[in-house]
Amino acid sequence: MKKRIWAWMLLAGLVADAGAAWAARVVPNRFDLAQEPGTAVSYTLVLEGDRSEPEELRLYLGDWERLPSGEHDWGIPANGARWTSARAFAAGESFTVQYRVSGASPDTGVSGSYRSGVPQAAGAISGAAALDGAAVAAASPEGEISVSRRVAGDVVTLEVACRIAFEALTILEVFSGPVALTAIDAAGGQFDTVERSCTDWISLGDAVIQLQPGERREVAFRVTTPSSYDGSYWSALFVEAPPQVVDQGGTRILSIPRTAIKIFVTAPGTEVVAAAITAVDVVAAAPLALIASLQNTGNVEMAVAGEVRVIDRTGVVIRSIAVSDVKVLPGATRAISFADAVGAVALTSGIYQATVQLEYGGGGPVVGVRGFRIP
């Protein structure tokens, strides 16, 4: 089966996407695919060149998440995890990071790398290179930082040794096939992985496209779903242009332009839509600013709309601030911000109640309440 999805990409001008500036307009910028389990369907993406010279475009797939703030995180490796810490590390310090692997075969390979912030250092992770422990990665040269890997059953332990003082550390672990990773001991850092990735379900017809001025080119990708799955899984198709020199405030920098096309794959009839407000916090009084934490407890992405009403002690609604089209991924928590309009009159001293009511596409709205005092 083949389905054609028209995505017009005008390769000219500059837009910000995925952390880089680029010349791309994508219509649509996401695909919502309803596909039965155990099926294989081909889809067609159409690219149209709008530059005065030929351009070579690279296409590849990757994982992504949406942060609680709503920003996108494009830096999580497919079939892998990212461990990060922004703290200061002392010379002579050592610690371990542990995580569990499920859904992999015993001979699944694993490789990893690390990089520090200031001063900068980078290298490969040495030690076990497969879950059966038989393969051993080449040892990294003795350096300022070393990271080695031990495997015991389904538990992976990363041993970190710091020979110098530095700030910030990122560790990337990537597996050769589909896996589910869960942190056991994150050692005070942040352990990020995509639990509902469909990147391994997608195969691209072309990895490199030579696009002539004014040319329209069809690019096929095929989605093969597992025999059983529920709800939505997601990935991103990246289209990357050659590096460009960009002038920013009198400084010329080398930028790698790319755009990301979101791909959602959903098993029809298995959608669960559910949500809960876990907290309502007043973060500022003048101007008034509140944050409601909304958790998506279902298995599909939801678009949220609603309002917060601020009520005084007499029961009068003195503020009503609305939000709309706030998207939340399955299993994620979104920090939904409500803020007074510019120039709004500040609340006077007193006791108030903030009531947040959000519609999310389920059976009814979810409600959160918070009392607060303005001194």
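Phe338 contacts residues from several parts of the chain: leaving aside its neighbours within four places in sequence, these are Leu288, Ala289, Leu290, Ala292, Glu307, Val308, Ile321, Val323, Val356 and Leu358. The model is predicted. Phe338 is also among the residues with the most contacts inside the largest nonpolar core, and in strand 33 it is the bridge partner of Leu290.

**Nonpolar cores**

- The largest nonpolar core has 38 residues.
- Besides Phe338, the residues with the most contacts inside this core are Leu294, Val304, Ile336, Val356, Leu358 and Phe372.
- Val356 and Leu358, both on that list, are in contact with Phe338.
- In soluble globular proteins, nonpolar side chains tend to be buried together.

**The sheet that contains strand 33**

- Three strands form an open sheet in the order 29-30-33, with antiparallel pairing.
- Strand 29 (275–285) and strand 33 (333–339) are the edge strands, each pairing on one side only.
- From one strand to the next, the twist averages 20°.
- Seven bridges connect strand 30 (residues 288–296) with strand 33 in the antiparallel sense, and one of the residue pairs is Leu290 with Phe338.

**Pairing of strand 8**

- Strand 8 (residues 55–62) pairs antiparallel with strand 23 (residues 208–211) over four bridges.
- Leu57 has Ile209 as its bridge partner in strand 23.
- Strand 8 also runs antiparallel to strand 25 (residues 232–240), joined by five bridges.
- Leu61 has Leu237 as its bridge partner in strand 25.

Technical notes:
Residues are numbered from 1 along each chain as its sequence is written. This is a predicted model: local features need pLDDT of at least 70, side-chain atom pairs count only at pLDDT 80 or more; totals for chains, interfaces and linings use all residues. Side-chain values use heavy atoms; hydrogens and water are left out. Two strands pair if DSSP finds at least two bridges between them. Helices (H or I, at least four residues) and strands (E, at least two) are DSSP runs, numbered from the N terminus. Axes are lines fitted to C-alpha atoms, for helices over the stretch in contact, and angles run from 0 to 180 degrees between N-to-C directions. A nonpolar core is a set of buried Ala, Val, Leu, Ile, Met, Phe, Trp, Tyr and Cys residues joined through side-chain atoms within 4.5 Å. Buried means under 20% relative accessible area, exposed over 50%, partly exposed in between (1.4 Å probe, protein chains only). Contact means heavy atoms within 4.5 Å.
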